[in-house]
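Please look at the protein shown here with its sequence alongside, and follow the account below from the boundary between its parts to a few individual residues.

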Amino acid sequence: MKTVRTVAELRAELAEPRRAGRRIGLVPTMGSFHEGHLSLMRRAREDCSVVVVSLFVNPTQFGPGEDLDTYPRDEARDAALAEAEGVDLLFAPPTSEVYPEGFDVVVRVRGLSGVLCGAPDRRGPDHFDGVTTVVAKLFNMVAPDVAYFGQKDAQQSVVIGRMVRDLDIPVRIEVCPTVRESDGLAMSSRNAYLSDEERRRALALHGALEAADAVVARGERDASVVLAAARAEFDSSDVEPEYLELRSATDLAPVEQVNGSTVLAVAARVGRTRLIDNKVLGETP
Ligand code: AMP
């Protein structure tokens, strides 16, 4: 595996495989790899003949007071893990390579970026502006045939899908299942912030998703009843959800009735750590 830091080096590495018509896969990440990231790399390795992983802690998707400065970073460990997954290229640019002096563009997916995590009293739409802008740049830098994202960040995947559709970016988006710890906690780089006690409380998110799913599996379709089951799970914990919402998994529209493509999305602060999780309800596991 080779690590490259500039767009010029990246393009030079990809020129020959692209000429040869080899399929290029991209896994965008902010590093601090866990099994969730590695599952995306494995999927890319199965599907593509060239696998590029980008490692960039993107400052524009962090709000003031968020964890940009403390976000866990360990490039040497990440490089070893990516290499073990058979990744061909690690693209780890410095911030100045991605945002040169005078950088002045925002890519915004308007409606979808302003709900759930993007609501004004939460992270706000600027968060997803940061995500879509950097992902649009990564797509232009790498020009991948396929890009891999995790269902863990369900809204992010929907927002990026809409950006790609609306801007006619020639890339196929693959959304891969959420990887969980054995007790159900969704893997996240931010789990490293949790104390032992917070780690136990964090299970409330998965518990709520499972409670809702159990109600749906029994045939319930009324959104308010399904939400009440999830809410009851939080009430018996000491975690207060920031939001708990049932939405269409394809366009994030609010739903009254649960069908095969309804996602229950949740965010909650556990101590100082903000966690998100979601589950598409009524699916066979
Ligand atoms: P991040 O480094 O947190 O920006 O995540 C990079 C990619 O990994 C995103 O597409 C995430 O959705 C995905 N990802 C993060 N955690 C998980 C997980 N537990 N399971 C599957 N994918 C994940």
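A salt bridge is taken here as a side-chain nitrogen of Lys or Arg within 4 Å of a carboxyl oxygen of Asp or Glu. By that rule Arg190 forms a salt bridge with Asp67, where the closest N and O atoms are 2.8 Å apart. This is a predicted model, in which local features need pLDDT of at least 70 and side-chain atom pairs count only at pLDDT 80 or more, while totals for chains, interfaces and linings use all residues. Residues are numbered from 1 along each chain as its sequence is written, and side-chain values use heavy atoms, with hydrogens and water left out.

The protein is divided into domain 1 (2-176) and domain 2 (189-281), with bounds that come from an automatic or database domain assignment. Taken over C-alpha atoms, the centres of domain 1 and domain 2 are separated by 26 Å. Where they meet, 22 residues of domain 1 are in contact with 17 residues of domain 2, contact meaning heavy atoms within 4.5 Å. Domain 1 and domain 2 bury about 1,700 Å² between them, 56% of it on carbon and sulfur atoms; buried area is the accessible area (1.4 Å probe) that two parts lose on being put together, summed over both. Leu116, Arg122 and Lys152 supply 32% of the area that domain 1 buries against domain 2, more than any other three residues.

How many salt bridges are there between domain 1 and domain 2? The count is two salt bridges. Across the same interface of domain 1 and domain 2, seven residue pairs are in polar contact, both residues being at pLDDT 80 or more. A polar contact is a pair of N or O atoms within 3.5 Å; within protein, one must be able to donate a hydrogen and the other to accept it, and residues adjacent in sequence count only if both atoms are side-chain atoms. Helix H6 (residues 154-166) gives the most to the side of domain 1 that touches domain 2, with four residues; helices (H or I, at least four residues) and strands (E, at least two) are DSSP runs, numbered from the N terminus.

Gln151 lies in the loop between strand E5 (146-150) and H6. Leaving aside neighbours within four places in sequence, Gln151 is in contact with residues including Val175, Cys176, Val263 and Asn278. Phe149 has its place in strand E5 and, at 3% relative accessibility, counts as buried, a word that means under 20% relative accessible area, with exposed over 50% and partly exposed in between (1.4 Å probe, protein chains only). Among the contacts of Phe149 beyond four places in sequence are Pro28, Leu40, Ile160 and Ile173, and the C-alpha atoms of Phe149 and Val27, 122 residues apart along the chain, are separated by 6.9 Å.

Two further residues can be examined in turn. Glu85 lies in the loop between helix H3 (75-84) and strand E4 (89-91). Is Glu85 buried or exposed? Glu85 is buried, because its relative accessible area is 17%. Its side chain makes a polar contact with the side chain of Arg42 (3.0 Å), and beyond four places in sequence Glu85 is in contact with Leu38, Met41, Arg42 and Arg45. His206, placed in helix H8 (residues 203-217), counts as buried at 16% relative accessibility. Not counting residues up to four places away in sequence, His206 touches Arg180, Asp183, Gly184 and Asp277.
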